[in-house]
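I opened this structure to look up a few backbone and surface features. My notes follow in the order I took them.

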Amino acid sequence: MKKSLFSHNESSKSSRAPIHLVASQIPRRKRAKVVFVMGATGTGKSKLSIDLATHFSAAEIINSDKIQVYKGLDIVTNKVTRDEQHGIPHHLLGVLDPDSDFTAAEFCNKAVQSIESITANGKLPIIAGGSNSFIEALVDNEELEFRANYDCCFLWVDVSMPRVDKMVEAGLVEEVKGVFNREADTDFYTRGIRRAIGVPEMDNYLRAEDSYQCGDSDNVNEEMLMKLLEEAIDKIKANTFNLACGQVEKIHRLQTLPGWNIHRIDATEMASQIPRRKRAKVVFVMGATGTGKSKLSIDLATHFSAAEIINSDKIQVYKGLDIVTNKVTRDEQHGIPHHLLGVLDPDSDFTAAEFCNKAVQSIESITAHGKLPIIAGGSNSFIEALVDNEELEFRANYDCCFLWVDVSMPVLDSFVSERVDKMVEAGLVEEVKGVFNREADADFYTRGIRRAIGVPEMDNYLRAEDSYQCGDSDDVNVEMLMKLLEEAIDEIKANTFKLACFQVEKIHRLQTLPGWNIHRIDATEVFKRRGGQAQEAWERLVKKPGIAIVQQFLLECEQEKDSTDATAASIAVAAAIAAPMAAVTMATLQIEGAAIPTP
């Protein structure tokens, strides 16, 4: 009898292990691992994610910030720069059209695509960003079965408070101008990248500035613009803080949910040690009267293009008497914006304290537009009061470069004499007549613009001329008037030279004080020459060295900042992260015993 074809199988059934025992021994599919770096805006999420990706080498970063996903507005949205990325591939960063919408569902789909691409190459995906609603939508997505497919590690970088100032200094205002639309309505700020904090808040200021530049409104002035800019910046700070609070509240809520084991890293101490904002740079052009301070400041501003000038001459700040005070003309300004020049009422007083406040306002306005402030003028007492102002903490907020245009005293004396003669030829006498008051007493020349050298010295001559023209005195004749005019002019020359000597003495004294590293530029040879030779000497001996000094100053500040930031960041990050990350990298990231390779 033939054996059944199945007899062997049938006889072996009893020797088989139960099917459920075999299944229990089949290895589960190893789930890929994903690290999430969470936290409020400005707490260092991007930095930590790059540090982790650098350390674990085989890692790439996926942005989960709903605004940084858009192209453009890199300062406003505070995107990491190419240099800061250190060659780490970044996904979903600056890739979308600025006018498009981007939903949580779209983020989930694109994030999973990026994760699959990264893990397919045996690398670790690190998801970093402040949009916690996007992260929650991804992790708890039942349709995508995210938790079933991926093991998650959540890191929370916690800091007490983010800051906005450095973004303003980096050029936030100019960047927002690029998307500003005067004709737009309120819906303009509800779509795409224009929703970013920093854009809608600037609207009132930019509208006013636009009106001011176009001359559409007589109600808008520089003071009003400054106030609107300050309000906009304050609003950005408030909204940024409100966002940060909302982000932290969201993380606290997630901590209460199952499956959200979030590892908190307190980086507050790190944030306090890393310089929070880059100090703005200010150039000062100092020197005695008539040495070419204004000319050099305009040359510098023209060369460095993104620069504006702030006048520090306590007399030129007043309106009027342009010849007497020797203000630079519109043509001489070459289109460079000048602040605090010919703006005050001629009868008002202007103290050093008032100068300090107005100068700082101008500096903040200039630096907010990403430009270099150049302060030029002969009132060294005003400059000293500003730079060494403890209340304003000027030195703590600004890096200073001091240039001194110097001319030897004998040569300067001769030049001053010639300059006064030219001022008389240009109409000094007629100009002073405009403020002369026959009934005024000696106190008349102690206030406002009337203190200017060239005004009180003319008093005797103008009184005599007035009497002569009115026929009030038989003792006054043309010869006497000529003599009085000569004496007045000689007195103007003498007082101008005395002022120059006093100004130089002041600079010499400042040189002996700590923190006053004043670069002397000798312009003596320039003032010995005339015409084209003088201009050639100026270019070679004053302008070229001045530009070189400022270039070196700007370069040194950048190098010092980079060095300081790198050192402070390395030490601070190590201190803030080393202890918790020792556990995180060896235990938290080694999920279910499958360790991620370290370098």
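I started at Glu145, which sits in the loop between helix 6 (132-139) and helix 7 (146-149). Helices here are DSSP runs of H or I with at least four residues, strands are runs of E with at least two, and both are numbered from the N terminus. The model is predicted, so I noted its terms: local features need pLDDT of at least 70, side-chain atom pairs count only at pLDDT 80 or more, and totals for chains, interfaces and linings use all residues. Residues are numbered from 1 along each chain as its sequence is written, and side-chain values use heavy atoms, with hydrogens and water left out.

**Positive phi**

I read phi of Glu145 as near 50°, a positive value in a residue other than glycine. Most residues other than glycine have a negative phi. Buried means under 20% relative accessible area, exposed over 50%, and partly exposed in between (1.4 Å probe, protein chains only).

I then went to Asn326. Its phi is positive too, about 55°, and Asn326 is not a glycine. Asn326 lies in the loop between strand 8 (307-311) and helix 14 (330-333). Asn326 is partly exposed, with 32% relative accessible area.

**Surface patches**

Which residues form the negative surface patch? I found Glu230, Glu231, Asp234 and Glu364. Patch residues have over 30% relative accessible area and no salt bridge; like charges are joined within 9 Å, nonpolar side chains (Val, Leu, Ile, Met, Phe, Trp, Tyr) within 5 Å. A salt bridge is a side-chain nitrogen of Lys or Arg within 4 Å of a carboxyl oxygen of Asp or Glu. Asp and Glu count as negative. Helix 11 (residues 222-255) gives the most to this patch, with three residues. Glu231 is in helix 11 and is partly exposed at 40%.

I also looked up a nonpolar patch. Tyr468, Val478 and Met482 make it, over about 280 Å². Areas come from the Shrake-Rupley method with a 1.4 Å probe; for residues, only the protein chains shown count as cover. Tyr468 lies in helix 20 (residues 459-470). Its relative accessible area is 38%, so I logged Tyr468 as partly exposed.

**Whole protein**

The protein has 23 helices and 12 strands. Of its 599 residues, 46% count as buried. The protein exposes about 30,300 Å², and carbon and sulfur atoms supply 50% of that.

Definitions and conventions:
Charge placed at Lys NZ, Arg CZ, Asp CG, Glu CD.
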